Amino acid sequence: MLRFLVLYTALALGANVAQAADLDAVKSGQMESLVTYDEPLPLPPFTVTDESGDEHSMKDFEGKVVLINFWATWCPPCREEMPSLNALQKAYGENGFQVMTIATGGSNSPEKVAAFFDKEGIDALPRFHDDANFAARAMGVLGLPVSVLVDKNGHEVGRMIGGAEWDSPDAKKVIEALIDEK
């Protein structure tokens with residue numbers, strides 16, 4: 001029995017390394033700045049609120065590939081990448097994928113976020129809030145924007161610090177590799 005457990009653990013670790021290697025193999029262009037890991041990292045527990053005041057956690061997205069985007073209305077690179085995140089959600093939202101935008105910090109009231117989304121035509125993204133920065137701190141976010149890529153098992157597999165064109169062909173290759181992962 002012990003031999004079986006050791007063999008199973010070794011195979012499982014090998015599968016995790018292969019997954020990270022697959023992401024590295026498809027990263028190109030701007031996505032080369034996406035930091036990936038040899039082993040997926042467990043996510044710390046956290047909750048965020050939606051514009052109605054309801055709490056949500058990562059359990060709401062079980063079985064999906066999730067791109068968590070920490071941003072703020074006052075952050076120019078955050079504002080610049082939001083249309084590409086919206087387009088990415090429209091392109092893959094029906095395929096087991098979800099962009100999870102989290103406006104972090106107390107200066108991002110639901111009204112400010114709604115006004116920005118409405119002005120920019122952001123119509124496919126959720127409007128989550130992390131007013132006290134609890135989620136951002138739990139996730140080790142020190143600056144904005146930060147995007148965290150989560151696999152179907154709820155583990156962090158990559159992190160991008162700074163803005164990105166998330167609807168670019170290079171980004172779509174990375175997202176597709178995770179969606180297609182068995």
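Mentor: A residue counts as buried when its relative accessible area is under 20%, as exposed when it is over 50%, and as partly exposed in between (1.4 Å probe, protein chains only). Helices (H or I, at least four residues) and strands (E, at least two) are DSSP runs, numbered from the N terminus. The model is predicted, so local features need pLDDT of at least 70 and side-chain atom pairs count only at pLDDT 80 or more, while totals for chains, interfaces and linings use all residues. Residues are numbered from 1 along each chain as its sequence is written, and side-chain values use heavy atoms, with hydrogens and water left out.

Trainee: How many residues of strand β5 are buried?

Mentor: In β5, residues 97–104, eight of the eight residues are buried, so the strand is largely enclosed by the rest of the structure. Phe97, Val99, Thr101 and Ala103 point one way from β5. Gln98, Met100, Ile102 and Thr104 point the other way, and all of these residues are buried too.

Trainee: Which strand is joined to β5 by bridges?

Mentor: Two strands pair if DSSP finds at least two bridges between them. Here seven bridges join β4 (residues 65–71) to β5, and the two strands run parallel. As one place to look, Leu67 stands opposite Val99 in β5.

Trainee: Next, disulfides. Which residues form a disulfide?

Mentor: A disulfide is a covalent bond between the sulfur atoms of two cysteines. One disulfide is found in the whole structure. Its partners are Cys75 and Cys78, with sulfur atoms 2.4 Å apart. The link of Cys75 and Cys78 is right-handed, with 75° about the S-S bond, and both cysteines are buried.

Trainee: How many salt bridges does the structure hold?

Mentor: Side chains of opposite charge can pair when their charged atoms come close. The criterion is a side-chain nitrogen of Lys or Arg within 4 Å of a carboxyl oxygen of Asp or Glu. By that criterion the structure holds six salt bridges. One of them joins Asp24 and Lys27, at 3.2 Å from N to O. Asp24 is partly exposed, with a relative accessible area of 40%, whereas Lys27 is buried at 16%.

Trainee: Which residues are linked in a network of salt bridges?

Mentor: Glu51, Asp118 and Arg127 are. Between Asp118 and Arg127 the closest N and O atoms are 3.2 Å apart. Asp118 counts as exposed at 55% relative accessibility, while Arg127 is buried at 17%.

Trainee: What is the closest N to O distance between Lys173 and Asp170?

Mentor: The distance is 4.0 Å, and the two side chains form a salt bridge. Lys173 and Asp170 both lie in helix α5, three residues apart, about one turn of the helix. Lys173 is partly exposed, with a relative accessible area of 41%, and Asp170 is partly exposed as well, at 22%.

Trainee: Is Glu81 buried or exposed?

Mentor: Glu81, in helix α2 (residues 76–92), is buried yet has no salt bridge. When charges are assigned, Lys and Arg count as positive and Asp and Glu as negative; His and the chain ends are not counted. The nearest side chain of opposite charge to Glu81 is Arg79, 12 Å away.

Trainee: Which side chain makes a polar contact with Glu81?

Mentor: A polar contact is a pair of N or O atoms within 3.5 Å; within protein, one must be able to donate a hydrogen and the other to accept it, and residues adjacent in sequence count only if both atoms are side-chain atoms. The side chains of Glu81 and Asn69 are joined by such a contact of 2.9 Å. Glu81 also touches other residues, including Pro145, Ser147 and Trp166.

Trainee: Where is Pro145 found?

Mentor: Pro145 is in the loop between α4 (134–138) and β7 (146–150). Now the backbone: most residues other than glycine have a negative phi, and most peptide bonds are trans. The bond joining Leu144 and Pro145 is cis, with omega about -5°. Asn133, which is not a glycine, has a positive phi of about 65°. Asn133 sits in the loop between β6 (128–130) and α4, and is partly exposed at 27% relative accessible area.

How values were computed:
Contact = heavy atoms within 4.5 Å. Disulfide = S-S within 2.5 Å. Lists of a residue's contacts leave out its neighbours within four places in sequence.
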